[in-house]
Amino acid sequence: MACPLGKTRRNFVFGTGNPNADILIIGEGPGAEEDAQGKPFVGRSGQLLTKIIEAIKFTRDEVFIANIVKCRPPENRRPEVNEIDACEPYLKRQIDLIKPQFILALGLTAVDTLFKKKHKMGDIRGKLQNYHGIPTLATYHPAALLRNPNLKRDTWEDVKFLRRLYDEKNANQ
Ligand code: URA
């Protein structure tokens, strides 16, 4: 399916990290810096995401970071349904190849796309979901935390929960 975002983007931002990662982190779509570098989460939100990942004792190299849409929406608007639909096969293939133990969905675009349903972040966050057998947690997008630092506390609880689940699952290995 041809996607209009392909016409305006500079780089296709596939994703970065460990192709065998236990944790797959999914954002919304590339911004200006990501489009320029061809890598996800390298702008301001990305710097905060790096801190979040490191706060729970992972590194960016250990996890895999991807987005719902791989091309930057103009003016950083939210991706449209047709753009999400056109790009979803890439994400599905990534999930199939990486086979992560856990998915962390950042923001409503990610969680709504995965579960084909409109959510309220306040309701869905921090609750374990099941994405085709993969335990999945949703939390706030780092851009939301930059706009509203009060959300950092809940996000911290959510990612600590993810770390706990990961440690429990991998305790005897
Ligand atoms: N926001 C996202 O959702 N993804 C990026 O790659 C950068 C910012």
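The ligand sits in the largest pocket. A pocket here is an open set of points on a 1 Å grid over the protein atoms alone, with protein on both sides within 12 Å along at least five of seven lines, and a molecule sits in a pocket if more than half of its atoms lie within 2 Å of its grid points. Before going further, a word on the source: this is a predicted model, where local features need pLDDT of at least 70, side-chain atom pairs count only at pLDDT 80 or more, and totals for chains, interfaces and linings use all residues. Residues are numbered from 1 along each chain as its sequence is written, and side-chain values use heavy atoms, with hydrogens and water left out.

Around the ligand you'll find Gly-27, Glu-28, Gly-29, Glu-34, Pro-40, Phe-41, Asn-67 and His-141, counting a residue if one of its heavy atoms lies within 4 Å.

| Residue | Atom on the protein side | Distance to a ligand oxygen |
|---|---|---|
| Glu-28 | polar backbone atom | 2.7 Å |
| Phe-41 | polar backbone atom | 2.9 Å |
| His-141 | N or O atom in the side chain | 2.8 Å |

Taken alone the ligand exposes 240 Å², and the protein buries 92% of that. These areas come from the Shrake-Rupley method with a 1.4 Å probe.

Now for the sheet. Six strands make up an open sheet with mixed pairing, in the order S1-S3-S2-S4-S6-S5. Strands are DSSP runs (E, at least two residues), numbered from the N terminus, and two of them pair if DSSP finds at least two bridges between them. S1 and S5 (129-131) stand at the edges with a single partner strand each, so one side of each has no neighbour in the sheet.

Let's walk across it. S1 (residues 16-17) runs antiparallel to S3, joined by two bridges, with Gly-17 opposite Phe-64. S3 in turn runs parallel to S2, with four bridges between them. Gly-27 stands opposite Asn-67 in S3, and both Gly-27 and Asn-67 are among the residues around the ligand.

S2 (residues 23-27) also runs parallel to S4, again through four bridges, and Ile-23 has Phe-102 as its bridge partner there. S5 and S6 then pair in the antiparallel sense over three bridges, and Tyr-131 has Ile-134 as its partner in S6.

How buried is S4? Five of the five residues of S4 (residues 102-106) are buried, so this strand is largely enclosed by the rest of the structure. Buried means under 20% relative accessible area, exposed over 50%, and partly exposed in between (1.4 Å probe, protein chains only). In a regular strand the side chains alternate between the two faces of the sheet. In S4, Phe-102, Leu-104 and Leu-106 lie on one side and Ile-103 and Ala-105 on the other, with both faces covered.

Finally, a look at a loop. Pro-19, between S1 and S2, is exposed, with a relative accessible area of 52%. Pro-19 and Phe-161 are 142 residues apart in sequence and 23 Å apart in space, C-alpha to C-alpha.

Note on methods:
A polar contact is a pair of N or O atoms within 3.5 Å; within protein, one must be able to donate a hydrogen and the other to accept it, and residues adjacent in sequence count only if both atoms are side-chain atoms. On a 1 Å grid over the protein atoms alone, a cavity is a set of points where a 1.4 Å probe fits but cannot get out, and a pocket is an open set with protein on both sides within 12 Å along at least five of seven lines; lining residues have an atom within 4 Å of a point.
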